Amino acid sequence: MLFRSEEILRHVDREMAIRKLTGFPHWLVYAIGVAFSCFQVYTAAFGLLPAQLQRSIHLAFAFVMVYLLFPFHPGKSSDRIAWNDYLLAVFAGFVGLYMTLNYTRIMEAGGDFAGVDYFFSWCGILLTLEAARRVVGWPMVLLAGGFLVYAYFGPYFPGFLTHRGYSLQRIASHMYLTTEGIFGIPLAVSATFIYLFVLFGSFREKSGLGQLFIDLSNAVAGRASGGPAKVAVVTSALEGMVSGSSVANTVESGSFTIPMMKRLGYRPEFAAAVEASASTGGQLMPPIMGAAAFVMAEFINIPYIEIAKAAAIPACLYFFGVFIEVHLEAKRCNLRGMSRDEIPRLGDVMRERGHLFLPLAVIIGFLTAGFTPLYAALMGLVVCILASMLKKSTRMSLRDILDGFELGARNAIGVAIACACAGIIIGVVTLTGVGLKMAHGLIELAGGNLLLSLFFAMITSIVLGMGVPTTATYIITSTLAAPAITMLGVPILAAHMFVFYFGIVADITPPVALAAYAASGIAKSDPMKTGFVSTKLAIGAFLVPYIFVYSPAMLLINTTPLLLTQNIITAGCGMYGVGAAMIGFCLAPMNWVERAVFFGAGLLLIDPGALTDLAGLSILVLCMANQARKKRALAAEVAV
């Protein structure tokens, strides 16, 4: 099963389609990966270097590992590194270190750069684009390249997009010799706490925390109706607390839950969709959300712990929506849970592996106490290693620790390169001012209507997310779409969370739904059908962002305990109504008219406001009464 999971990951996720190295090449990359992680841990523990140096060394490591691990033709991996990739890795490493090697001179130049600086700047830009092509894919490269073209040919663009244009030297220096482009905020976040959290995730695998989540979920929900599906939801919510990868979560827990769901009677498409939708929601679950959440904290200058707290209620609503649909599908199909023999005892699970929760508690504690995410991640990493030593079954050897360092480096490559490439887009935005122009254009297109502006921002985020990683999608939409939403009076946190949500939803939205495709590989289901079922199950992800935009209290913005309680209860009832409509079952089967009424009642409850809540609740109660009547009638027919 492990081999099967790795095969699916390599097929679906470009970041996993790497060379399978042996011999000297393997140990060379291994040593570089361990050195990469040691550098990151050392600077986190003893003080970060000046911004340009920290980011330059981080990019140099990422460059070298990309060109050694990822072949020129993605998908055609082998166990050999081509001679030209060795040369490219050495040259890319030097270009990545160019800022470090010439730091003092560049800082003192005052913008009067030498010709060689411009040359290596363009080399850095091209190497970043090529690395992104190998790791992320063409959509990201074409988007960044389009922005570079826009920066140069500005006078030839129509309407509000026009600008005076910039020389090649100006573009090169802005992108590579300042902290506005490639070495901007996205790479800064990658070079600090994102790397530490990714490294923590690799040690989670080594220590067995992932297996603890699966066993705990089995113990809690395994015997319930449709148990394995509920286990998938609970497991993904738990894994989402320490991992921000939809595809990796899908394959990791899905290799266990999907076969169990199929064995108990779930359709292959539904079984795969449950895992995909639940795993995608993992990026929304605090305390460790997707990497984009850390970028958000830097962009809007809000402590990460505040973002994590704000995301808690919407994330719970999302998982509640998925859980409700899973429960109702199980009731509709009369599916049983797992047998007692298949379920571990809760007490036994906690005695054997409960100590592995310590690092998670440490991270939450340090974040709550006001420490930086970097320090919290470092402490969590240290405690993760120490906690594993408490039991022989979870104890990590020195080789396990080194393997964790190397695995962390590999897992961080994709984020680092995506952030560097997204920095090109951010650099063009800051150079040309197109972000503000796009915001005004979006508002004008929507006629100043907030709902229409939100809809356009949603479509933009989903379309971008189909070909661009979540982190990069957020970075782009936060500069192009989020400002338009804030201009219409929406709090900045709500606006940024809105585009963050929909960038994540792209992982399960056809036609390009990576998490759904990964799950379908395990379930042997139709990928496109799986994507559509995943979208249906994750309907909460499409509704929740609108909830917190119109009711920022859900993000703990300007709220009171009474208002927050009211919103949570009504939104939860609304999610139940919508979920029942999606499945077509509540207490008894529904016809299309009943489904439409349930859906309408759910939407009314989700929309904040006393009148809509009262109307929605009244309709939902009447619908439930009708469902109870139908259930009694069906039971009477069976009795006869």
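1. Let's start with Phe-405: its relative accessible area is 12%, so this residue counts as buried (buried means under 20% relative accessible area, exposed over 50%, and partly exposed in between, using a 1.4 Å probe and protein chains only). Keep in mind that this is a predicted model, where local features need pLDDT of at least 70, side-chain atom pairs count only at pLDDT 80 or more, and totals for chains, interfaces and linings use all residues. Residues are numbered from 1 along each chain as its sequence is written, and side-chain values use heavy atoms, with hydrogens and water left out.

2. What is the relative accessible area of Phe-203? It comes out at 0%, so Phe-203 is buried. The rings of Phe-203 and Phe-405 sit with centres 5.7 Å apart and planes at 90°, which makes the pair edge-to-face (rings of Phe, Tyr and Trp, the last by its six-membered ring, pair if their centres lie within 6.5 Å; planes under 30 degrees apart are stacked, over 60 edge-to-face, and the rest tilted). This pair links distant parts of the chain, with Phe-203 in helix 10 (residues 185-207) and Phe-405 in helix 20, 202 residues apart. Helices here are DSSP runs of H or I with at least four residues, numbered from the N terminus.

3. How many aromatic pairs does the structure hold? There are 32. Another one to look up is Phe-94 with Phe-120, which is edge-to-face at 5.4 Å centre to centre and 70° between the planes. Phe-94 belongs to helix 4 (residues 83-96) and Phe-120 to helix 7 (residues 115-135), so the pair ties together parts 26 residues apart in sequence. Phe-94 is partly exposed at 37% relative accessible area, while Phe-120 is buried at 12%. Ring pairs also join Phe-91, Phe-94, Tyr-98, Phe-119 and Phe-120 into a cluster.

4. Now the inside. The largest nonpolar core has 208 residues, and Phe-203, Ile-485 and Phe-498 are among those with the most contacts inside it. (A nonpolar core is a set of buried Ala, Val, Leu, Ile, Met, Phe, Trp, Tyr and Cys residues joined through side-chain atoms within 4.5 Å.) Helix 20 (residues 398-432) gives this core its largest share, 19 residues. Apart from this core lies another, of 5 residues, including Leu-209 and Val-349.

5. Leaving aside residues up to four places away in sequence, Ile-485 touches Leu-450, Leu-454, Ala-457, Val-490, Ala-495, Phe-498 and Val-499, where contact means heavy atoms within 4.5 Å.

6. Which residues line the second largest pocket nearest its centre? They are Phe-147, Leu-161, Val-434, Met-438 and Leu-480, out of 20 lining residues. Helix 21 supplies the largest share of the lining, 5 residues. Helix 8 (138-152), helix 22 (450-467) and helix 23 (470-480) are among the helices that each supply at least two.

7. Leu-556 has a positive phi, near 65°, and Asn-558 has one near 50°. Leu-556 is in the loop between helix 28 (539-550) and helix 29 (561-583), and Asn-558 is in the loop between helix 28 and helix 29. Leu-556 is partly exposed at 39% relative accessible area, whereas Asn-558 is exposed at 76%.

Definitions and conventions
On a 1 Å grid over the protein atoms alone, a cavity is a set of points where a 1.4 Å probe fits but cannot get out, and a pocket is an open set with protein on both sides within 12 Å along at least five of seven lines; lining residues have an atom within 4 Å of a point.
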